[in-house]
Amino acid sequence: MFLLKKVLLNGKEQDILINGNQICRIDDDIENDEAEVIVCQNKAILPSFCNTHTHASMMFLRGIGEDKELFSWLNEDIWPREAKLTPEMIYHLSRFALLEMIKTGTTLFADMYFYPQETIRAVQDMGIRGAVSFLGMDFFNASKAQIQAAEMETFLNQKAPSDRIIKGLSCHAIYTTSKPLFLKAKELATKYNTFLHIHSSETNQEINDCLKAHHCRPVQLLRQWGVLGGQTVLAHCLHLDEDEIRTLAETKTVIAHCPSSAFKLNSGQMDLQKYLDAGIKVTLGTDGVSSNNSLSMLWEMKLAALSAKNKANNISAGKVNDIFQIATRNGFEAFGLNAGEIAVGKLADFILVDLNNVFLMPNHNLISNMIYAADSSCITDVFCNGAPVMRNRIIPNETEIKDHFNQIVSFFR
Ligand SMILES: [Zn+2]
């Protein structure tokens with residue numbers, strides 16, 4: 001049990017009692033002898049972030065092959081290295097990624113990569129939450145599709161080690177993954193009541209190829225296949241027509257908006273305000289570090305806000321509260337978690353920020369400061385599921401995690 005004393009919440013100093021994994025009381029003055037007291041003078045409490053699209057283990061590829069054309073970058077730099085990855089490496093790379101996520105205030109991330117059991121092991125050890133998926137990507141090979149479908153079910157069948165792990169499925173994209181595997185993944189996701197994570201509508205080439213092959217656009221194809229819905233998360237969705245926007249709103253399909261990746265790969269610019277006005281459930285993701293090159297949701301929020309204003313040619317687009325909500329509550333809700341807000345009964349996933357940090361001064365509007373000015377040094381403490389994962393900027397085992405990471409980086413040199 002933890003008692004936060006005199007923490008700033010919505011502009012007012014409050015005491016907050018954390019019991020188990022929940023925020024159980026918020027009041028002017030709380031006394032509790034059993035709770036560990038945390039004095040929060042000059043600190044504010046905010047919900048932690050949910051990064052709804054990433055590939056955590058790609059950390060070792062940060063900065064490799066910069067500014068190259070996409071397919072030569074993949075062929076020469078990324079795929080040859082990924083082919084040498086072992087399960088043990090994925091565990092250590094994931095732990096290193098989680099260091100960065102925790103330092104920047106993220107307590108839930110949705111991951112799409114190989115060896116998901118190793119990512120789960122890392123998430124379990126580091127104390128945050130992961131929506132970790134088994135990746136379906138069959139390159140239109142029927143026997144591969146059958147094998148992966150069976151592996152998907154085996155993965156979902158194995159019990160998650162804790163309630164911080166949400167197991168789900170991914171189908172990489174319509175240009176790498178066959179219709180039968182998409183259908184099987186949707187069937188299994190429905191059977192196990194979990195999410196399905198897909199890259200969609202990222203580039204103009206994807207749209208044009210889809211029109212040629214299927215005589216419809218990618219989201220229309222996914223609708224025909226019956227894979228849309230409230231537990232489907234589509235990463236990117238930069239290029240949607242009016243019919244597709246309506247479809248995603250009607251089916252309550254979730255979008256993971258990744259503005260850094262969109263700009264860095266020059267794949268397009270989302271009209272975020274249009275999607276929000278249409279009622280689409282938009283969330284925010286960083287994508288992997290090979291196309292970002294950071295896992296910081298702080299920078300992602302700033303870019304989302306600036307991009308929304310620029311695309312709509314309207315200063316009122318991408319309002320600070322909307323941007324903060326897509327980075328917090330919308331993400332948690334997309335994965336069925338009652339978090340992303342500081343209120344009684346909510347899961348105790350939160351950050352404490354230092355109001356004496358130069359980036360947060362003056363404190364006219366804390367949400368605006370977090371989006372436009374803050375960096376990770378503003379975040380002093382991170383709690384997930386009622387337990388601390390970073391106290392006073394210290395994360396247990398950081399040196400050992402970095403040592404293992406450096407060994408892997410040396411191997412690939
Ligand atoms: Zn991605």
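**Exercise 1. Decide whether Asp67 is buried, partly exposed or exposed.**

Solution. 
Step 1. Count the neighbours: Asp67 has 6 C-beta neighbours inside 10 Å.
Step 2. Apply the cut-offs. A residue is buried if 20 or more other C-beta atoms lie within 10 Å of its own, exposed if 12 or fewer, and partly exposed in between; the C-beta atoms are placed from the backbone.
Step 3. Asp67 therefore counts as exposed.
Step 4. Asp67 sits in the loop between β6 (49-54) and α1 (70-82). Helices (H or I, at least four residues) and strands (E, at least two) are DSSP runs, numbered from the N terminus.

Two notes on the model. It is predicted: local features need pLDDT of at least 70, side-chain atom pairs count only at pLDDT 80 or more, and totals for chains, interfaces and linings use all residues. Residue numbers start from 1 along each chain as its sequence is written.

**Exercise 2. Locate the cis peptide bonds that join Asn292 to Asn293 and Met361 to Pro362.**

Solution. 
Step 1. Between Asn292 and Asn293, omega is about 10 degrees. Asn293 belongs to the loop between β13 (281-284) and α11 (297-312).
Step 2. Between Met361 and Pro362, omega is about -10 degrees. Pro362 is in the loop between β14 and α14.

**Exercise 3. Describe the surroundings of Val353.**

Solution. 
Step 1. Val353 is part of strand β14 (residues 350-354).
Step 2. Val353 has 25 other C-beta atoms within 10 Å, so it is buried.
Step 3. List the contacts, leaving aside neighbours within four places in sequence: Lys43, Ala44, Leu46, Leu360, Cys378, Ile379 and Thr380. Two residues are in contact if their C-beta atoms, placed from the backbone, lie within 7 Å.
Step 4. Check one distance. Met370 is 17 residues from Val353 along the chain, and their C-alpha atoms are 9.3 Å apart.

**Exercise 4. Work out how domain 1 meets domain 2.**

Solution. 
Step 1. Contacts link 21 residues of domain 1 with 22 residues of domain 2.
Step 2. On the domain 1 side, α14 (366-372), β15 (379-384) and β16 (387-390) each give two or more residues. The largest share, five residues, is from α14.
Step 3. Sort that side by class: 14 nonpolar, four polar and three charged. Ala, Val, Leu, Ile, Met, Phe, Trp, Tyr, Cys and Pro count as nonpolar, Asp, Glu, Lys and Arg as charged, and the others, Gly among them, as polar.

**Exercise 5. Compare two helix pairs: α2 with α15, and α4 with α5.**

Solution. 
Step 1. The axes of α2 (residues 87-103) and α15 (residues 398-411) come within 9 Å and cross at roughly 130 degrees. Axes are lines fitted to C-alpha atoms, for helices over the stretch in contact, and angles run from 0 to 180 degrees between N-to-C directions.
Step 2. That angle makes α2 oblique to α15. Angles under 35 degrees count as roughly parallel, over 145 as roughly antiparallel, 65 to 115 as roughly perpendicular and the rest as oblique.
Step 3. α2 contributes Met89, His92, Leu93, Arg95, Phe96 and Leu99, while α15 contributes Glu398, Ile401, His404, Phe405 and Ile408. By class, the contact has seven nonpolar, two polar and two charged residues.
Step 4. The axes of α4 (residues 142-157) and α5 (residues 179-191) come within 10 Å and cross at roughly 15 degrees. This makes α4 roughly parallel to α5.
Step 5. The α4–α5 contact divides into eight nonpolar, one polar and two charged residues.
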